Amino acid sequence: APAQPVLLLLTPQSFSTSCPSCAKDRRLRQKRALSERQLTRYFVDHRRVRVVGGQGGAGGYSFHSEPRKIFGGPDGGNGGDGGHVILKADRQMKSLSSVLPFYQGFHGERGGRKNCYGANGAYMYVKVPVGTLVKEDGEVVADLSQDGEEYVAAYGGAGGKGNRFFLSNENRAPTLFTPGEPGQERVLHLELKTTAHAGLVGFPNAGKSSLLRAISRAKPAVAAYPFTTLNPHVGIVHYQDYEQVAVADIPGLIKGAHQNRGLGVAFLKHIERCRFLLYVVDLSVPQPWVQLQDLKYELEQYDKGLSERPCVVIGNKIDLAESRINLPLLREQVAERVIALSALTGDNLEELLWHLRELYDTYVKTEKSRGQTPVKW
């Protein structure tokens, strides 16, 4: 016997995507958490960029013609200028990782009939962090140290002339028109100098990364074995009155850093923009005051007067027995204020936060008395 046909009853609900029984799970996936090792790769303080301005539009070529006015003369308009490529400092940008290696400006449009000029190419803005140095052939051509500051990296080319431009008594029907000029082409080197309020300065394994983790939400890599940070990190300390103090974890220095040993001057430059310094010394090592002397020597050799900025000495690892013995000896040898704490256990962090705010308030008052705007985060 032949098979009986099966009748399927399809209701509008069968095709409804809002039905909970048949609709697909449309919930957004959560972003996969990046490891600390991957997060450190996102901070880029050097970038080589090739910038080319937009090309100017060609001039138009046409002759006006309408009924009873056959010989109306040339009416080709000029072409539009090419767009510039502009670097703009933005306080929301914290790294050069989003800067592409090549930028091309927008081209100008061609001139049209009836003396219509071509539109100019739009400007292309490239956002860079505040504190970006622009170098060309090793020379500094711009220092974008203020929010909203701009620098024209590549000018767009001028638009071409239409045949209307060449009209004269000697030439009543010019057929000449010019193409647009190419845009300026340059190869620039962008270099970021961290513009944090405070800089953590110390030798490797002094506990700077652990301290930055303890006072802010920054997550520099730390471990139970000795190693040094390879990339600067910036953490924000939040206060109850909504003031924010930026603290930079400068990679550990070694003796001879001013001679480009170890990480060298590649990260000494980040200390230049810090308004005050936090010297971090390891209290558990013999004669911890020698670390402070060596740090100041390296800073002074790199930039004279750098070590004389407002500062405080932080004696870390006070939770160890050797540190309690070395603490009074350090205070006898050092003229600056010494704050003993433990970044691991959190002991005495409140004193550091209070003194950090005092240094910040002093910096703000000094900048306002000079008529300058203090750096805000």
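**Rings and charges in a predicted model**

Q: Why is Y61 called partly exposed in this predicted model?
A: Y61 has 41% relative accessibility. Partly exposed covers what lies between buried, under 20%, and exposed, over 50%, so Y61 counts as partly exposed.

Q: And what makes F63 partly exposed?
A: F63 comes in at 31% relative accessibility. Buried would need under 20% and exposed over 50%, so partly exposed is the label for F63.

Q: How many aromatic pairs does a search of the whole structure find?
A: Four. One of them is Y61 with F63.

Q: What makes the pair of Y61 and F63 edge-to-face?
A: Their centres are 5.7 Å apart, with 90° between the planes.

Q: Why is the pair of F165 and F166 called edge-to-face?
A: The ring centres of F165 and F166 are 5.3 Å apart and their planes stand at 90°. The cut-offs are within 6.5 Å for the centres and over 60 degrees for the planes, so this pair is edge-to-face.

Q: How do you know that the charged end of K161 sits over the ring of F165?
A: The charged end of K161 is 5.0 Å from the centre of the F165 ring. The distance cut-off is within 6 Å, and the charge must also be within 35 degrees of the ring normal. K161 is listed as sitting over the ring.

Notes
Residues are numbered from 1 along each chain as its sequence is written. This is a predicted model: local features need pLDDT of at least 70, side-chain atom pairs count only at pLDDT 80 or more; totals for chains, interfaces and linings use all residues. Side-chain values use heavy atoms; hydrogens and water are left out. Rings of Phe, Tyr and Trp (its six-membered ring) pair if their centres lie within 6.5 Å; planes under 30 degrees apart count as stacked, over 60 as edge-to-face and the rest as tilted. Buried means under 20% relative accessible area, exposed over 50%, partly exposed in between (1.4 Å probe, protein chains only).
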